[in-house]
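Please examine the protein shown below.

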Amino acid sequence: MPATASFTIDSTTGRLPISLVYERRGSGEPLLLLHGIGHHRQAWDPIVDILAVERDVIAVDLPGFGESPGLPDGAPYDLPTVVLALGAFCAELGVNRPHVAGNSLGGLLALDMGRSKLTRSVTALSPAGFWTQAERRYAFGVLRGMRVGARLLPPRVVEQLSRTTAGRAALVSTIYARPGRRSPEAAVAETRALRNATGFQPTLSTGRGVLFTDDVPHVPVTIAWGTRDRLLVPRQGVRATNAIPGARLIRLPGCGHVPMSDDPALVARVVLDGSAPVGSG
């Protein structure tokens with residue numbers, strides 16, 4: 001069952017009250033899961049039960065996404081503010097330096113948390129921030145198009161489309177290589193999440209100038225990229241390992257931008273290996 005953590009942070013715009021909705025299950029070392037822009041914590045559902053056998057799994061809705069309310073008016077949706085909020089969220093839960101796995105925007109946030117020494121390890125699946133300007137403009141254009149479609153389609157049409165494989169492909173094939181594996185309920189829910197995400201536009205706006213160029217020298221880093229990622233193309237993974245020389249780069253054959261549904265067993269194994277306790281194996 002979802003729960004809500006409420007806390008405050010000191011940002012450049014003053015003291016901000018923040019509430020984040022999350023689900024927690026399993027046992028072992030803590031593992032925080034961060035979704036991408038326009039998505040919600042349920043993006044991790046295909047692998048959460050696998051991860052929870054070996055980890056204390058915390059899947060959270062980022063500010064302004066899923067069931068989490070947006071940041072207070074005037075607060076920036078930039079990396080420093082959101083990373084500060086995630087650090088305070090972990091402290092509120094009594095979690096000290098969790099392992100962090102993130103996808104897309106969540107991967108970028110995970111890496112920045114690692115750079116800020118807030119994590120035990122980082123696993124980033126197709127993380128944002130390693131694009132050229134042309135690649136960023138393309139990705140942002142695709143995301144805006146997805147958002148417009150999600151907002152214009154009447155709910156009854158979304159539900160009708162979700163009932164067939166072809167319809168689910170029309171709804172979510174931009175981010176999944178195997179959209180037919182999404183259930184009708186999941187396709188409807190994530191279309192609704194994209195439509196209702198109050199954090200979408202401010203997050204996209206702050207992302208225009210984002211490039212991740214620093215090393216993350218203090219923790220183990222795994223970068224994984226789907227070979228069929230059509231939003232952030234796989235060559236960006238090479239740039240990621242150039243910026244973070246100690247990182248492992250793993251190919252996810254046949255997977256798209258959000259790979260957890262495309263190959264749950266493989267992605268779960270990558271996350272578990274990437275978050276292995278120090279000294280294990």
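The lining of the largest cavity divides by class into 4 nonpolar and 4 charged residues, with no polar residue. In this predicted model, the residues around that cavity are Glu23, Arg25, Arg41, Trp44, Asp45, Val48, Val57 and Ala59. At least two lining residues come from each of three elements, namely E2, helix H1 (45-52) and strand E4 (55-60). The volume of the largest cavity is about 60 Å³, and the structure holds 1 cavity of 30 Å³ or more.

The pockets may be considered next. The largest pocket has a volume of about 360 Å³. Its lining comprises 24 residues, and those nearest the centre of the pocket are Met146, Leu171, Val172, Ile175 and Leu194. Helix H4 (133-152), helix H6 (165-172) and helix H7 (184-196) each contribute at least two residues to this lining; H4 gives the most, with 5 residues. By class, the lining of the largest pocket consists of 13 nonpolar, 10 polar and 1 charged residues.

The second largest pocket has a volume of about 310 Å³. It is lined by 24 residues, of which Ile37, Leu105, Leu108, Thr203 and Gly207 lie nearest its centre. Two or more lining residues are given by each of H2, helix H3 (105-115), H4 and helix H8 (200-206). The class division of the lining of the second largest pocket is 19 nonpolar, 4 polar and 1 charged.

The overall form of the protein provides the setting for these spaces. The protein contains 11 helices and 8 strands. Its radius of gyration is 17 Å, close to the 19 Å that the globule rule gives for 281 residues, and the protein is therefore as compact as a globular protein of that length. The C-alpha trace spans about 50 × 40 × 40 Å along the principal axes. Of the 281 residues, 55% count as buried.

The aromatic contacts complete the account. A pair of aromatic rings is described by the distance of the centres and the angle of the planes. The structure holds 3 aromatic pairs. One of them joins tyrosine 22 and phenylalanine 89 in an edge-to-face arrangement, with 5.4 Å centre to centre and 75° between the planes. This pair links distant parts of the chain, since tyrosine 22 belongs to strand E2 (residues 14-26) and phenylalanine 89 to helix H2 (residues 79-92), 67 residues apart. Both tyrosine 22 and phenylalanine 89 are buried.

Why is the pair of tryptophan 131 and phenylalanine 140 edge-to-face? The ring centres of tryptophan 131 and phenylalanine 140 are 5.5 Å apart and the planes stand at 90°; an angle over 60 degrees counts as edge-to-face. Tryptophan 131 counts as buried because its relative accessibility is 8%, and the threshold for burial is under 20%. Phenylalanine 140 is likewise buried, with a relative accessible area of 5%. Phenylalanine 140 also has a charged neighbour: arginine 136 lies over the face of its ring, at 4.9 Å from the ring centre.

Terms used. Residues are numbered from 1 along each chain as its sequence is written. This is a predicted model: local features need pLDDT of at least 70, side-chain atom pairs count only at pLDDT 80 or more; totals for chains, interfaces and linings use all residues. Side-chain values use heavy atoms; hydrogens and water are left out. Rings of Phe, Tyr and Trp (its six-membered ring) pair if their centres lie within 6.5 Å; planes under 30 degrees apart count as stacked, over 60 as edge-to-face and the rest as tilted. Helices (H or I, at least four residues) and strands (E, at least two) are DSSP runs, numbered from the N terminus. Buried means under 20% relative accessible area, exposed over 50%, partly exposed in between (1.4 Å probe, protein chains only). A charge sits over a ring if NZ of Lys or CZ of Arg is within 6 Å of the ring centre and within 35 degrees of the ring normal. On a 1 Å grid over the protein atoms alone, a cavity is a set of points where a 1.4 Å probe fits but cannot get out, and a pocket is an open set with protein on both sides within 12 Å along at least five of seven lines; lining residues have an atom within 4 Å of a point. Grid points are joined across faces, edges and corners, and a volume is the space filled by probe spheres set on the points. Ala, Val, Leu, Ile, Met, Phe, Trp, Tyr, Cys and Pro count as nonpolar, Asp, Glu, Lys and Arg as charged, and the others, Gly among them, as polar. The radius of gyration is taken over C-alpha atoms; the globule rule is 2.2 Å times the number of residues to the power 0.38.
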